[in-house]
Amino acid sequence: RRPKGGADGLIGRVGVVRRAPGPVGDVLVEGELWRARNSWADGEPALREGEHVVVEQVHGLTLAVRRAEEWEVLP
């Protein structure tokens, strides 16, 4: 079963970029605003406000996120 709380409960959740990471920005996940940074290497297009992201890791109070795939955003 997937964890419901704590840091492990955030991994895999979909959020929305509120302030683009450059290098650190803000994302809204499960109704809460979190600090976030990109989790991928250079060369990927920068995230923009309003884009959907997926949480890959949690480092203290900062999330490492990547751009969400279309299938991850569908209801």
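Colleague: Which residues is Val17 in contact with, leaving aside its neighbours within four places in sequence?

Modeller: Val17 is in contact with Asp26, Val27, Leu47, Arg48, Glu49, Gly50, Glu51 and Val53. Contact here means heavy atoms within 4.5 Å. This is a predicted model, in which local features need pLDDT of at least 70 and side-chain atom pairs count only at pLDDT 80 or more, while totals for chains, interfaces and linings use all residues. Residues are numbered from 1 along each chain as its sequence is written, and side-chain values use heavy atoms, with hydrogens and water left out.

Colleague: What makes up the largest nonpolar core?

Modeller: It has 11 residues: Leu10, Val17, Val27, Val29, Trp34, Ala36, Leu47, Val53, Val55, Leu63 and Val65. The term stands for a set of buried Ala, Val, Leu, Ile, Met, Phe, Trp, Tyr and Cys residues joined through side-chain atoms within 4.5 Å. In soluble globular proteins, nonpolar side chains tend to be buried together.

Colleague: What makes Asp26 and Arg19 a salt bridge?

Modeller: A salt bridge is a side-chain nitrogen of Lys or Arg within 4 Å of a carboxyl oxygen of Asp or Glu. The closest N and O atoms of Asp26 and Arg19 are 3.2 Å apart, so the pair qualifies. Asp26 is buried, with a relative accessible area of 18%, whereas Arg19 is partly exposed at 41%.

Colleague: How do you know that Glu30 forms a salt bridge with Arg13?

Modeller: Their closest N and O atoms are 3.9 Å apart, and the limit is 4 Å, so this pair counts. The pair links distant parts of the chain, 17 residues apart: Glu30 is in the loop between β2 and β3, and Arg13 is in the loop between α1 (6–10) and β1 (14–19). Glu30 has a relative accessible area of 55%, so Glu30 is exposed.

Colleague: How many salt bridges are there by this rule, and which residue does Glu56 pair with?

Modeller: The count comes to five. Glu56 forms a salt bridge with Arg66, the closest N and O atoms being 2.9 Å apart. This pair links strand β4, where Glu56 lies, with strand β5, where Arg66 lies, 10 residues apart. Salt bridges that share partners join Glu56, Arg66 and Glu72 into one network. Glu56 counts as partly exposed, at 34% relative accessibility.

Colleague: How do the elements of the protein run from the N terminus on, and why is the protein called as compact as a globular protein of that length?

Modeller: The elements run α-β-β-β-β-β-α, that is, two helices and five strands. The radius of gyration, taken over C-alpha atoms, is set against the globule rule, 2.2 Å times the number of residues to the power 0.38. The protein has 11 Å, close to the 11 Å that the rule gives for 75 residues, so the protein is as compact as a globular protein of that length. Of the 75 residues, 29% count as buried.

Definitions and conventions: Buried < 20%, exposed > 50% of the residue type's maximum accessible area, 1.4 Å probe, protein only. Helix = DSSP H or I, 4+ residues; strand = E, 2+ residues; numbered from the N terminus.
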